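Open the model in your viewer and keep the sequence panel beside it. This tour goes from one selection to the next.

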Amino acid sequence: MCNFSKQNEDTKAFIHLLMKKCADSVGGTNFLLGLIEAMKEKKPNALIVNTCKVDSKELKISWNKIVFKDKFDVLEDVIRSHKSSEGKDFNILQNDSLKKKKKILNMVKTLAPIEFTVIVKGTENHSGFNFKIFETIEDDCVTINPVFAAMFFCSAEYMKKALRYEIYDLAVTENL
């Protein structure tokens, strides 16, 4: 998931287009990378900052609910166990342990309502973007939103590779 080089070509193209769209909506790649750098400076993770916001020079990301350490730890464990996944749609409920699956479902129910908003400071020229933690929430399938994973858990280098990636196959761009 957070190793761009290990992704297949379709996933690389999808992530590139998604991240490029996000960057374009806030004024460009450098603005988005500046925000990600500001988020990486928050320790242990920007997600558990009790102010529910992080500012960079040009952008601000905010969210509507505090994430407590216990739920963060479950989420981090799930993402860490799938960091080398080679697809964008891994199901976080695929787990052998019933106890662990119950913990994950509890975390999903708690964190599902959280919505993140990225806005440009001091200008009306760019619309910004919104995203949630989970892309799919069904009875037997929950997937992490790739924008969320990239912003909060993947390295800045991952984002740079995603934004620099060049799509060569025209059939891929037509499918998105």
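Start with Lys12. Select it and you are in helix H1, which covers residues 9–25. Is Lys12 buried or exposed? Its relative accessibility is 12%, under the 20% cut-off, so Lys12 counts as buried. Now show what surrounds it. Beyond its neighbours within four places in sequence, Lys12 is in contact with Phe4, Ser5, Gln7 and Tyr165. Keep in mind throughout that this is a predicted model.

Zoom out to the whole protein chain. Colour it by secondary structure. Trace them along the sequence and the pattern reads α-α-β-β-α-α-β-β-β-β-α-α-α. The chain has 176 residues, and 45% of them are buried. The accessible area is about 9,500 Å². Carbon and sulfur atoms hold 48% of that area. Next, think about contacts across the chain. Among those with a separation of 6 or more, 65% link residues 24 or more positions apart.

Next stop: helix H2. Select residues 29–41. How far apart are its end C-alpha atoms? The distance is 19 Å. H2 has 13 residues, and at 1.5 Å a residue they should span 18 Å, so the two values agree. Now display the side chains of H2. Which of its residues are buried? They are Leu32, Leu33, Leu35, Ile36, Ala38 and Met39.

Move on past H2. Select Pro44, in the loop between H2 and S1.

Check the backbone here. Cys52 has a positive phi of about 60 degrees, although it is not a glycine. Is Cys52 buried or exposed? With a relative accessibility of 10%, Cys52 counts as buried because the cut-off is 20%.

Finish with the surroundings of Cys52. Leaving out residues up to four places away in sequence, Cys52 touches Ile61, Ser62, Trp63, Lys65 and Ile66.

Terms used
Residues numbered from 1 in each chain as written. Predicted model: local features only at pLDDT ≥ 70, side-chain atom pairs only at ≥ 80, totals over all residues. Heavy atoms only, no water. Helix = DSSP H or I, 4+ residues; strand = E, 2+ residues; numbered from the N terminus. Buried < 20%, exposed > 50% of the residue type's maximum accessible area, 1.4 Å probe, protein only. Contact = heavy atoms within 4.5 Å. Expected span 1.5 Å × (residues − 1). Areas by Shrake-Rupley, 256 points an atom, 1.4 Å probe, with all protein chains shown as cover.
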